[in-house]
Amino acid sequence: EHWETISATFWYNIFLGALMFLNQATYITIIEHTSAVSCQVLMNVKMLLLILISIQVFNTHLHLLNWVGLSIAMAGCFSYSRVLAMTAKPKKVEDTV
């Protein structure tokens with residue numbers, strides 16, 4: 001039974017390591033196609049979604065200050081996307097081919 005526990009722990013750690021590797025590979029791919037700032041904003045959006053989902057799943061009660069913080073974070077992500085869209089250069093036809 002002792003070896004079964006060690007084996008299960010070993011494979012669990014291998015699984016978590018593989019997930020972390022995929023997570024880092026995803027970040028690198030996002031940064032290659034966008035920028036480090038865009039990647040960080042996307043990670044903030046991911047965190048906001050995780051918080052909102054956890055509120056629903058675990059029936060968590062948030063105080064006013066929590067909602068203010070979430071609202072500021074959402075407004076920041078939205079503002080960044082608007083500024084990025086306004087400052088984006090139009091693509092040339094030969095760039096898309």
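Which residues make up the largest nonpolar core? Before the answer, the ground rules. This is a predicted model, where local features need pLDDT of at least 70 and side-chain atom pairs count only at pLDDT 80 or more, while totals for chains, interfaces and linings use all residues. Residues are numbered from 1 along each chain as its sequence is written, and side-chain values use heavy atoms, with hydrogens and water left out.

The largest nonpolar core has 6 residues: Val-41, Leu-48, Ile-55, Leu-62, Leu-70 and Cys-77. A nonpolar core here is a set of buried Ala, Val, Leu, Ile, Met, Phe, Trp, Tyr and Cys residues joined through side-chain atoms within 4.5 Å. Buried is under 20% relative accessible area, exposed is over 50%, and partly exposed is in between, with a 1.4 Å probe and protein chains only.

Helix H2 (36-58) and helix H3 (64-87) are the elements giving two or more residues to this core, and H2 has the largest share, 3 residues. Helices are DSSP runs of H or I with at least four residues, strands are runs of E with at least two, and numbering starts at the N terminus. Leaving out residues up to four places away in sequence, Val-41 touches Cys-77 and Tyr-80; contact means heavy atoms within 4.5 Å.

Next, the loop between H2 and H3, where Asn-59 is found. Asn-59 is not a glycine, yet its phi is positive, near 55 degrees. Asn-59 is also exposed, at 69% relative accessible area.

Last, the aromatics. Rings of Phe, Tyr and Trp (its six-membered ring) pair if their centres lie within 6.5 Å; planes under 30 degrees apart are stacked, over 60 edge-to-face, the rest tilted. That rule gives 1 aromatic pair: Phe-10 and Trp-11, edge-to-face, at 5.1 Å centre to centre and 75 degrees between the planes. Phe-10 is partly exposed at 45%, and Trp-11 is exposed at 55%.
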